[in-house]
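Here is a short briefing on one protein chain. Keep the structure in view as you read.

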Amino acid sequence: MKRLFYIILYFISPLLPIFVTILANTEKYKNTNNLISLIFGACAFTWLSFELILSSRSKFIEANFGLDKLIRFHALMAVISLVLVFIHKSYKWENEFGDISFNLFILISIISLIFMVNIISNKIQPLKKLKIFLSKYHITKYQYQVAIHNLTVVAVIIMFIHVMFATSTKQSIELQIVYILYFGGSISFYFYNKVIKRFILSKNKLKVVNLTKVSDDITVINLKSETNNIFNFKPGQFGYLKINDKNFSKEGHPFSIISIPGQSNELNFAIKKLGDYTSKIDTIQINSSATVDGPYGRLSYLNYTNERNIVLIAGGIGITPMIGMLRYMNLYDKSRNVILIWGVNTKSDIIFHQEFLDIQKNMTNFNFVPVVFRDNSYDGEKGRIDNKKLNKIFTNSSIDLSEAGFYICGPSIMIKLVLTSLKSLNVSKKQLHLENFNF
């Protein structure tokens with residue numbers, strides 16, 4: 001019900017400024033063109049302002065949708081809102097602040113498409129070449145992308161000034177109050193996320209107590225709370241880790257928590273070298289301080305208590321949320337009927353292999369099935385996790401697919417292939433739980 005409430009509230013939110021504007025300027029908005037311009041303009045202002053809320057990682061909203069879905073919705077509504085602004089603009093606006101705000105939004109959107117939405121930039125050759133060229137000047141680094149994207153708040157402020165200087169707004173104190181409340185509410189979310197939350201986190205620092213290389217490119221980092229105050233989390237969730245070191249950016253990066261909830265005052269992460277930030281993860285000095293903002297994510301079987309059987313499907317480093325869930329089950333939920341299907345490139349990529357085998361001995365209803373893509377020396381399941389492979393695995397297992405929950409995490413190509421395969425096996429959408437930050 002909360003999800004439906006938030007969705008309805010979001011989409012009807014422009015009605016208040018529209019209604020108040022019409023009441024204050026009844027004669028003006030009897031004109032159809034003026035009314036259309038108002039509707040598009042009010043929707044654009046409201047939803048572009050709310051972009052600050054969607055990007056603030058607000059936990060009471062995120063807990064109902066999942067952060068990956070909120071980020072996708074954030075990107076979609078930014079595009080829709082800019083289209084509305086363009087239509088509103090075509091009816092002519094009254095001051096130059098509108099042009100400044102609109103142009104800044106467009107610039108930020110283009111940069112975001114180039115650097116943050118890989119699905120688009122990698123398919124459009126000119127964008128791909130531009131991305132490669134700019135990478136030579138370190139502009140593609142995550143912290144610079146975030147800094148540029150944060151200019152959204154500047155565009156929202158200029159848009160607010162544009163609205164406040166509009167004739168209709170200046171003539172109505174009620175309308176001014178409405179727009180101030182909308183803008184003030186949105187900017188407060190941004191301020192909390194960027195300032196207040198960071199201050200709170202700084203009061204609960206963690207310390208790096210150990211680093212363990214579990215493969216050539218994956219390192220486990222162990223953090224211990226200096227205040228013995230670890231936030232509550234569910235197995236499978238993740239947090240934004242920020243290392244307080246000059247060699248690392250000031251922006252937190254998301255990693256799944258692989259430690260067991262409530263077991264100690266420690267947090268553990270398994271991190272793969274994939275980008276400029278993670279490439280230096282094994283160079284962290286022991287006793288370095290860090291902060292973790294969390295928990296986030298809905299990829300936890302504890303969120304779906306009606307599922308009798310659990311199917312975990314991972315690709316590569318997408319195994320990390322599954323590790324957290326399996327460690328928790330092995331301690332508190334040993335009788336659970338579970339199967340783990342994990343696709344990797346080579347058998348050397350199967351980290352925690354012995355631990356999974358030990359869990360399999362301890363949990364009599366747990367079945368571990370690694371699937372190796374490129375390794376002729378491996379004598380187990382080989383190839384891709386496709387329809388044929390899943391059919392074979394499920395045929396040899398005791399899993400009742402009609403009563404199972406499917407938890408999927410990995411590269412976007414793998415996720416797409418798995419979803420197509422599960423659809424052919426008549427698995428419903430309600431049974432699917434996935435986390436995909438590959439944009």
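The points below cover a sheet, its helices and some salt bridges. The model is predicted.

**The sheet**
- Six strands form an open sheet with parallel pairing, in the order E10-E9-E8-E7-E11-E12.
- Strands E10 (381–382) and E12 (432–435) stand at the edges with a single partner strand each, so one side of each has no neighbour in the sheet.
- Two bridges join E10 to strand E9 (residues 366–372) in the parallel sense.
- Val372 has Lys382 of E10 as its bridge partner.

**Helices on the sheet**
- Helix H14 (residues 353–362) lies across strand E8 (337–344) and E9, at about 150° to E9.
- Helix H15 (residues 387–395) also packs on the sheet. It touches E7, E8, E9, E10 and E11, and its direction makes about 150° with that of E8.

**Salt bridges**
- The count comes to 13 salt bridges.
- Glu27 and Lys30 form one of them, with their closest N and O atoms 3.1 Å apart. Glu27 is exposed at 59% relative accessibility, and Lys30 is exposed at 59%.
- Asp293 and Lys197 form another, at 3.2 Å from N to O. Asp293 sits in strand E6 and Lys197 in helix H12 (residues 173–202), so the pair ties together parts 96 residues apart in sequence.
- Asp293 is buried, at 5% relative accessible area. Lys197 is buried too, at 9%.
- Arg57, Lys59, Lys197 and Asp293 are linked in a salt-bridge network.
- Lys389 and Glu381 meet at 3.0 Å, N to O, in a salt bridge. Both residues are buried.

**A residue in strand E6**
- Ser289 belongs to strand E6 (residues 289–296).
- Ser289 is buried, with a relative accessible area of 17%.

Notes
Residues are numbered from 1 along each chain as its sequence is written. This is a predicted model: local features need pLDDT of at least 70, side-chain atom pairs count only at pLDDT 80 or more; totals for chains, interfaces and linings use all residues. Side-chain values use heavy atoms; hydrogens and water are left out. Two strands pair if DSSP finds at least two bridges between them. Helices (H or I, at least four residues) and strands (E, at least two) are DSSP runs, numbered from the N terminus. Contact means heavy atoms within 4.5 Å. Axes are lines fitted to C-alpha atoms, for helices over the stretch in contact, and angles run from 0 to 180 degrees between N-to-C directions. Buried means under 20% relative accessible area, exposed over 50%, partly exposed in between (1.4 Å probe, protein chains only). A salt bridge is a side-chain nitrogen of Lys or Arg within 4 Å of a carboxyl oxygen of Asp or Glu.
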